[in-house]
Amino acid sequence: MNEREFDALLESAAPELPPDDVAREVTPWRRAMENILGGSAMCAITLNLLAMNYLLPTIGVILQLLGFRPLRRENGWFRVCWLLAILRAALFLPCIVLNATIYGTAALSSPAGTALTYAMLAVQMLLFFCFWRALRATQRKSGTEVRAGSAAALLVWYAAVLALAYVQYNGLLLGFAMLGCYILILRSLFHLSREMEESGYALTPAPVRLSDSVLVKTAAALLAVGVACGYLFFGSYRMDWQSEGGAVGAEAAELCAELLALGYPETALADLSEDDLLACRGATLVVAHEADKPMNGGREVREEFGSSTHIKTVYDVKELHFTDVAVRLSGEAERWRVFHHFRWTEEVKFRGTELVRLWPAYYENDSWRPDDGAPTGRVLYDDAEGNVYAAPCASLTVERYTVTNWLGWTYHLEDISAEFSLPSRGKNRRGYVAYSTEETDGETTFLASRSNYTHQESRLQYPVRTAKDYSGWGDGPVFRRVQNALQFSILDDGSIDLWNYEP
Amino acid sequence: MHEQEVLALLRARDERGAEALLRHYAPLMRYIIAPIVPDAQDREECLSDAALRVWERIETYDPARGTWTAWLTALTRNAALNRARKQGSSGEELSSELPSAEPTPEERLLQQERRQALLSALGRLGQKERVLFYRKYYYRQSTAQIAAELGMTERAVEGRLYRIKKTLREQLGGDEA
């Protein structure tokens, strides 16, 4: 039997009645409508779990594209819907890739990022308006009853959400009410979809050059490649590594010798830039404190004390060596230049972003204030031949902010953040951050300067946050933080009493 | 107006039922007729024929045998096939009733055997493949129409239909089918 005869056989042998599921399925309308409604539902859901708040809207945006694509030639409103769906995808999908880079959080919280968020919401609202008009036009064309109130209700719902977001409403009551309304609207829309099937048969879907599956696979592949590139190539800072071959000037060399004589640890001193050496002119005293800190979870050890069990964490390896140095500078008032050095004594397993956040002497302490000049700092490493390379920090910023504690007291705080990435090559990775401070009241008896080192130890996060973006305390799944402090009392006779503080 | 209301009016021989039928179901009926009857004028006449037959034979609709949509689809399709055959003057008229026609006992037996075999083979296909089969061989939709409605390229539709036919040919007895 040839092909034509077999075709004829299939046509003649087809059952008299189509099965119910087939009769329900064969319509030009349902597939597009389900894509549109499913996409709209997913775009509106915010489920902060397993990155669902990114995954669902991504699927939603693509479904809306697939839904409006075959209807683009049906009427003018559907055509506008299709163009708006493209625009929304063009605005939203790059953000998914941007979020896989360390620049995502900063970019999206910038004024431009905020404008982008509002633009996407506006496009979404416009899309619903056009969708509502398109439904009415379709019903008019088919001569069926004109009802598309659910789509209009969805538009109103989005406007209400936008208004609540604008006033930064955080209450639960209205939130639950909005969620309830949204579920009712979606239910109504799917019900409308069924009713619209009467008029939906009048639709003529436009042919496509790329099938839905190819379009979805292409979009998924582009997103996957973009996200992978973001993780691989934009997961750490670009550091400007330069060889440290040149000798320092005569004055700096002389100061270096003076500081060494005053007790500045030699290995840490060798890391100072010429400018930092010169900033120590008039040094009269050096206070140094060294400590090793673990950058790992350690292991639990159980100790039995009679009937009770004491569980403690033991750190077999302490990867970070801190050298904290305060240099007293000459002058009537107390003036100090404080250096917080760090050095990795073990191989760094993951190279992402790092942060050294200093809580300087004037942090929560009005007895001190910042001295002239901006904080300084840099990162260094040695290559296999022992040559030293150094790079400035990716960013070194002073941040001032006001906090109110639970008693209602308000503090004005100022800290120093140094962001950088460690080199993927070489050894002896290290660096320091420094600042100057002077006393305010002439009766200062205590100086405390703390450094908080945040290390990224994994890539497993979305959206990508930098060590600075990580706001949690303690150890998270991606970041680990240790604190070190230099604290000493200045006695009446001018001598120093160093505290061996172990936070 | 809901389906049950339209049916009640039709069964009550209320003329508002005929109006409601056309108002609510003309798009569906046109959708069924369009791939089978190429001429626009013929399609409108065919729509009138089909609507008249629904009016005349509404009592034969048995919800136990299938949904209203399936029944209306089958009746409209038969009307369209009859019109197409008349236009092509190539065959006998199909029955406008369900089940159709009064073939000879031998023809009926052969047709039943084929249908049983095909139904059995279709039952082994996946849902998507089954819908594709019906679109092509029952609704007589063109590859272009199927492709546009399913968001596929024509080539992809042809490829899937080829695989479906190959499967059916194997299940219906290989080359002898």
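**Figure 1. Packing of helices H4 and H5 of chain A in the predicted model.** In this predicted model, helix H4 (residues 52-68) of chain A and helix H5 (residues 76-98) of chain A are roughly antiparallel to each other, since an angle of about 150° separates them and angles over 145 degrees are counted in that class. Their axes lie 9 Å apart, and the crossing in which H4(A) passes H5(A) is left-handed. On the side of H4(A), the contact is formed by Tyr54(A), Pro57(A), Thr58(A), Val61(A), Gln64(A), Leu65(A) and Phe68(A), while H5(A) contributes residues including Phe78(A), Trp82(A), Ile86(A), Arg88(A), Phe92(A) and Ile96(A). Sorted by class, the residues of this contact comprise 14 nonpolar, 2 polar and 1 charged.

**Figure 2. Packing of helices H5 and H10 of chain A.** Helix H5 of chain A also packs with helix H10 (residues 212-233) of chain A, at an angle of about 35° and with an axis separation of 8 Å. Here Leu93(A), Ile96(A) and Val97(A) of H5(A) meet Leu223(A), Gly226(A), Val227(A) and Gly230(A) of H10(A). The contact holds 5 nonpolar and 2 polar residues, and no charged ones. Two of the residues named here, Leu93(A) and Ile96(A), belong to the contact of H5(A) with H4(A) as well.

**Figure 3. The two assigned domains of chain A and their contact.** Chain A is assigned a domain 1 that covers 13-233 and a domain 2 that covers 242-499, and the C-alpha centres of these two domains are 50 Å apart. The contact between them draws 9 residues from domain 1 of chain A and 8 residues from domain 2 of chain A. On the side of domain 1 of chain A that touches domain 2 of chain A, the residues divide into 5 nonpolar and 4 polar, with no charged residue.

**Figure 4. The open antiparallel sheet of chain A.** Six strands of chain A form an open sheet in the order S11-S12-S7-S14-S15-S16, with antiparallel pairing. Strand S11 (395-404) and strand S16 (496-499) of chain A each have a single partner strand and stand at the edges, so one side of each remains without a neighbour in the sheet. From one strand to the next, the twist averages 20°.

**Figure 5. Backbone details in two loops of chain A.** Most residues other than glycine have a negative phi, and most peptide bonds are trans. The peptide bond that leads from Tyr462(A) to Pro463(A) is cis, with omega near 0°, and Pro463(A) is located in the loop between strand S14 (446-456) and strand S15 (479-490) of chain A. Glu364(A), although it is not a glycine, has a positive phi of about 60°, and this residue is placed in the loop between strand S7 (354-359) and strand S8 (368-370) of chain A.

**Figure 6. The interface of chain B with chain A.** In the contact between the two chains, 42 residues of chain B meet 35 residues of chain A. On the side of chain B that touches chain A, the elements that give two or more residues are helix H2 (15-33), helix H4 (68-88), helix H5 (105-123), helix H6 (127-137), helix H7 (143-150) and helix H8 (154-171) of chain B. H2(B) supplies the largest share of that side, namely 7 residues. By class, the residues of chain B on this side divide into 23 nonpolar, 8 polar and 11 charged.

**Figure 7. Packing of helices H2 and H3 within chain B.** H2(B) packs with helix H3 (residues 40-57) of chain B at an angle of about 125°, and their axes are 10 Å apart, which makes H2(B) oblique to H3(B). The two helices cross in a right-handed sense. The contact is made by residues that include Leu21(B), Leu22(B), Met29(B) and Ile33(B) of H2(B) and Leu47(B), Ala50(B), Val54(B) and Trp55(B) of H3(B). The residues of this contact divide into 12 nonpolar and 2 charged, with no polar residue.

**Figure 8. The two assigned domains of chain B.** Chain B is divided into domain 1 (3-88) and domain 2 (105-176), and the C-alpha centres of these domains lie 24 Å apart.

Conventions: Residues are numbered from 1 along each chain as its sequence is written. Chains are lettered from A and ligands numbered from 1 in the order in which they are written. This is a predicted model: local features need pLDDT of at least 70, side-chain atom pairs count only at pLDDT 80 or more; totals for chains, interfaces and linings use all residues. Domain bounds come from an automatic or database domain assignment. Two residues are in contact if their C-beta atoms, placed from the backbone, lie within 7 Å. Ala, Val, Leu, Ile, Met, Phe, Trp, Tyr, Cys and Pro count as nonpolar, Asp, Glu, Lys and Arg as charged, and the others, Gly among them, as polar. Axes are lines fitted to C-alpha atoms, for helices over the stretch in contact, and angles run from 0 to 180 degrees between N-to-C directions. Helices (H or I, at least four residues) and strands (E, at least two) are DSSP runs, numbered from the N terminus. Angles under 35 degrees count as roughly parallel, over 145 as roughly antiparallel, 65 to 115 as roughly perpendicular and the rest as oblique. A crossing is left-handed if the near helix is turned anticlockwise from the far one by less than a right angle, and right-handed if clockwise. Two strands pair if DSSP finds at least two bridges between them.
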